[in-house]
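Here is a short briefing for a reader new to this structure. Start with the view below, then work through the points by topic.

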Amino acid sequence: MVQLLHSSPFFLLFGLIAAGISIGAFKYRGLSLSSAGVFFLALIAGHFQFIVPYELTELGLVLFVYAVGLQSGSRFFRVLKSHGLSFLVVGLGATLVGALTTIGLARLLNIAPHLAGGLYAGSTTCTPGLAAVLEAVRRIQPANTDFAAVGYAIGYPFSVISVVIFVQLLPRIMGTTAQAAGEAFQREQAARVTPLERCAFRITNPNCAGITIDEWQALHLSGAVLCRVEHEGHVQPARPGTILHMGDVVLAVGPPEELAKLEAILGTITPEPKPDGAADYASELVVVSRADVFGKRLRELRIWEKYGVTATRLRRGVVEITPRGETALEPGDVLRLVGGRADVRMVTSVVGLEERRLDETSMIPFAAGITLGAAVGFIPISLPGGLSFRLGIGGGAFIVALIMGYVGHVGKLRIYVPNAAKHFARELGLVIFLAGAGTSAGQQLVPVLREAGVKLLLAGAIITLVTTTTALLLMWRYFRWNPLFAGGGLSAVMTSPPGLSAASDMTDTDAPAVGFASVYPLALLAKIALAPLTFLLLDLMGSH
């Protein structure tokens with residue numbers, strides 16, 4: 001068995017992952033190590049000289065940050081426009097304070113620069129930050145590369161445990177409960193998203209009689225969509241050529257304020273017309289799944305002009321909107337189509353009927369994005385005073401993935417990665433990296449602990465507490481964030497998946513996940529830059 005562990009890196013890697021995750025799943029009073037169990041087990045393996053190759057470690061890092069970037073891209077740029085200042089202050093402010101604290105403690109306690117860089121990454125639980133430090137140390141002090149990973153290993157445990165505890169205590173600290181915070185978050189979200197409603201109107205305005213639905217739409221009098229018309233007791237879909245008459249009943253779907261406009265224009269509100277059972281009428285949901293319509297606007301498909309079919313609703317994730325001509329379709333969108341039965345079937349064949357494709361990943365743009373990210377990571381970034389650093393393959397891949405997650409394509413190739421695939425790549429990449437970084441650090445852990453263990457443990461704890469306290473004060477006292485949202489935000493500041501898991505277990509809402517996704521990209525980018533800069537600055541100070 002020992003010979004097999006030494007001779008087969010794959011046997012070692014996946015053995016560590018399986019055993020480490022099993023250890024991490026064990027809970028004590030609601031607390032668990034989660035994926036960090038892999039890292040601690042790998043430390044022991046590294047001490048006995050069982051090493052995961054560096055190339056596999058780097059592969060894990062790239063998969064992890066690339067998947068996170070793709071997941072966060074679309075939301076990141078959107079929330080940055082609306083609430084960017086608060087996320088910027090929390091994400092960048094807390095991480096910067098942590099970096100400055102690291103520099104101060106390193107100078108005060110005489111901690112070597114390579115150890116301090118790894119200690120900062122570990123004390124803020126940032127594995128991509130560690131990768132950036134390792135790359136910087138490898139270029140300047142190759143003999144000390146493993147010692148940087150040791151600093152990470154010393155700071156990591158306290159950070160993981162403290163973040164999980166802080167997150168669970170947040171509602172109590174803020175004077176509420178997790179249930180009350182969840183209900184408050186749902187009320188806030190409901191107030192921001194206007195729900196779609198349906199309403200029927202009897203035409204009493206003579207100015208609306210005698211015109212077709214097509215002519216009505218061209219007037220742009222309301223953002224609501226007309227989907228059915230009852231004329232002389234017969235209900236039919238609202239086709240382009242359908243003529244409106246006095247006394248007709250029209251069913252419309254849209255936001256309440258747009259429906260109110262129709263009441264003033266068309267006539268009085270009346271009970272909804274019920275379609276005749278024998279009528280050639282259909283109202284069906286279709287999932288957008290054909291690759292040739294991804295990214296196309298509804299007006300380009302001409303489903304109204306060619307088929308007489310109306311798209312009355314569009315659900316994207318948890319948000320429901322009124323589709324318009326300029327609305328671009330995305331994979332997985334759910335459309336409500338109203339029209340003649342045969343016509344609806346025709347449109348369904350144009351936009352859907354290939355839902356199996358939603359389980360497939362576009363591998364060409366996926367791989368091209370990672371390649372581009374690797375190239376971006378090697379670009380040197382110059383700073384005043386002659387300093388320079390590189391984002392590294394992890395930082396480059398993350399930036400490219402953020403952009404691709406936002407734009408959704410590489411040239412004419414659209415990138416679509418199912419949520420399940422992104423989750424799998426993220427989790428697999430994380431545990432591979434933790435296994436590799438752990439075995440590397442384990443080689444030097446015991447000697448370093450003997451020489452400066454207490455000093456490093458104390459410094460790591462201070463860095464963690466200063467960073468978390470800064471973030472909490474900003475989120476609670478200054479921005480007044482919801483406790484569950486703040487729990488996700490704190491987990492993001494500390495780039496701590498176990499923290500997010502602990503916050504999510506407290507509620508049925510997605511408040512922690514939304515907070516995490518909003519802050520995480522900024523905090524991660526900041527640490528990818530600040531971790532190697534901390535090492536470089538301390539190294540420069542020590543050389544004078």
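Which residues in helix 5 meet which residues in helix 6? H114, G117, G118 and A121 in helix 5 meet G129, L130, V133 and V137 in helix 6. Contact here means heavy atoms within 4.5 Å.

This is a predicted model, in which local features need pLDDT of at least 70 and side-chain atom pairs count only at pLDDT 80 or more, while totals for chains, interfaces and linings use all residues. Residues are numbered from 1 along each chain as its sequence is written, and side-chain values use heavy atoms, with hydrogens and water left out.

**The chain overall**

- The protein chain has 19 helices and 13 strands. Both are DSSP runs numbered from the N terminus: helices are H or I with at least four residues, and strands are E with at least two.
- Of the 544 residues in the protein chain, 52% are buried. Buried means under 20% relative accessible area, exposed means over 50%, and partly exposed lies in between (1.4 Å probe, protein chains only).
- Take the contacts in the protein chain with a separation of 6 or more: residues 24 or more positions apart account for 81% of them.
- The protein chain exposes about 24,000 Å², and carbon and sulfur atoms supply 61% of that area. Accessible areas come from the Shrake-Rupley method with a 1.4 Å probe; for residues, only the protein chains shown count as cover.

**Helix 5 and helix 6**

- Helix 5 spans residues 113-123 and helix 6 spans residues 127-140. They pack at an angle of about 165 degrees, with their axes 8 Å apart.
- That angle makes helix 5 roughly antiparallel to helix 6. Angles under 35 degrees count as roughly parallel, over 145 as roughly antiparallel, 65 to 115 as roughly perpendicular and the rest as oblique.
- Axes are lines fitted to C-alpha atoms, for helices over the stretch in contact, and angles run from 0 to 180 degrees between N-to-C directions.
- The contact of helix 5 with helix 6 has four nonpolar, four polar and no charged residues. Ala, Val, Leu, Ile, Met, Phe, Trp, Tyr, Cys and Pro count as nonpolar; Asp, Glu, Lys and Arg count as charged; the others, Gly among them, count as polar.
- T125 lies in the loop between helix 5 and helix 6. T125 is not a glycine, yet has a positive phi of about 45 degrees. With 3% relative accessibility, T125 is buried.

**Helix 2 and helix 3**

- Helix 2 and helix 3 (residues 36-47) pack at an angle of about 125 degrees, their axes 7 Å apart. Helix 2 is therefore oblique to helix 3.
- On the helix 2 side, L16, I17, A19, G20, I21, I23 and G24 meet G37, V38, L41, A42 and A45 in helix 3. By class, this contact has nine nonpolar, three polar and no charged residues.

**L16 in helix 2**

- L16 sits in helix 2 (residues 9-24). L16 is buried, at 7% relative accessible area.
- Beyond its neighbours within four places in sequence, L16 contacts I21, V38, L41, A42, A45, V52, A435 and T439.
- L16 and F39 are 23 residues apart along the chain, and their C-alpha atoms are separated by 8.7 Å.

**E232 between two strands**

- E232 is in the loop between strand 2 (225-231) and strand 3 (234-237). Its phi is near 55 degrees, a positive value in a residue other than glycine.
- Is E232 buried or exposed? E232 counts as exposed, at 75% relative accessibility.
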